[in-house]
Amino acid sequence: MIFLKSYFVATTTGVDKINIIHDVKRAMRESTILKGLVTITPPAGKALLTVTTEEELKAAGLVQARSLTLPVEKGDLLLAPREQIFLIDSDPSGRRREFWVQVIGDGAGAAKKAAPIRGPQGSPKR
């Protein structure tokens, strides 16, 4: 299953560091995907993404990317407990910034289909 959703955030004329993890998690819930990958991408402009904690965000030298792909297991992002996803925008125009969240994987229905086939006595067929 593939699920794609577009989100928007308002930016200022300075450098903005916007926590978007709640938008990413909302897209994951709506997708119903339990295992797979989530990719976050701002389509154009001077926006980058990073995964870090609130405290580390204030430090210089963060690794930033044009796009992030993160694993999903049991419907949750596989991140450290305090890690967040930030969109960092340095465009001096201060405008509405779009980003996409795409979730690819197996949903709740697929997990049920993947159950082993049982024989007449309840043991798996070979």
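Residues are numbered from 1 along each chain as its sequence is written, and side-chain values use heavy atoms, with hydrogens and water left out. Because this is a predicted model, local features need pLDDT of at least 70 and side-chain atom pairs count only at pLDDT 80 or more, while totals for chains, interfaces and linings use all residues.

Confidence comes first. The average pLDDT (the predictor's confidence in each residue, from 0 to 100) over the chain is 85, and 84% of the residues score at least 70. Over residues 110-119, pLDDT stays under 50. For that stretch the model has eight contacts (heavy atoms within 4.5 Å) beyond four places in sequence.

Helices (H or I, at least four residues) and strands (E, at least two) are DSSP runs, numbered from the N terminus, and two strands pair if DSSP finds at least two bridges between them. Strand S8 spans residues 96-107 and runs antiparallel to strand S1, residues 2-10, with nine bridges joining them. In this pairing, Val9 has Arg97 in S8 as its bridge partner. S8 is also joined by eight bridges to strand S3, residues 33-41, again in an antiparallel arrangement. Here Gly36 stands opposite Gly105 of S8.

Thr53 sits in the loop between strand S4 (47-52) and helix H2 (54-57). Thr53 counts as buried because its relative accessibility is 12%; buried means under 20% relative accessible area, exposed over 50%, and partly exposed in between (1.4 Å probe, protein chains only). The Thr53 side chain reaches the backbone nitrogen of Glu56 at 3.2 Å. Leaving aside residues up to four places away in sequence, Thr53 touches Arg82, Glu83 and Phe86.

Most residues other than glycine have a negative phi. Thr32, although not a glycine, has a positive phi of about 65 degrees. Thr32 is placed in the loop between helix H1 (21-31) and S3, and counts as partly exposed because its relative accessibility is 42%. Lys74, also not a glycine, has a positive phi of about 55 degrees. The loop holding Lys74 lies between strand S5 (68-73) and strand S6 (76-77). With a relative accessible area of 70%, Lys74 is exposed.

Methods
Polar contact = N/O pair within 3.5 Å; in protein donor to acceptor, adjacent residues only side chain to side chain.
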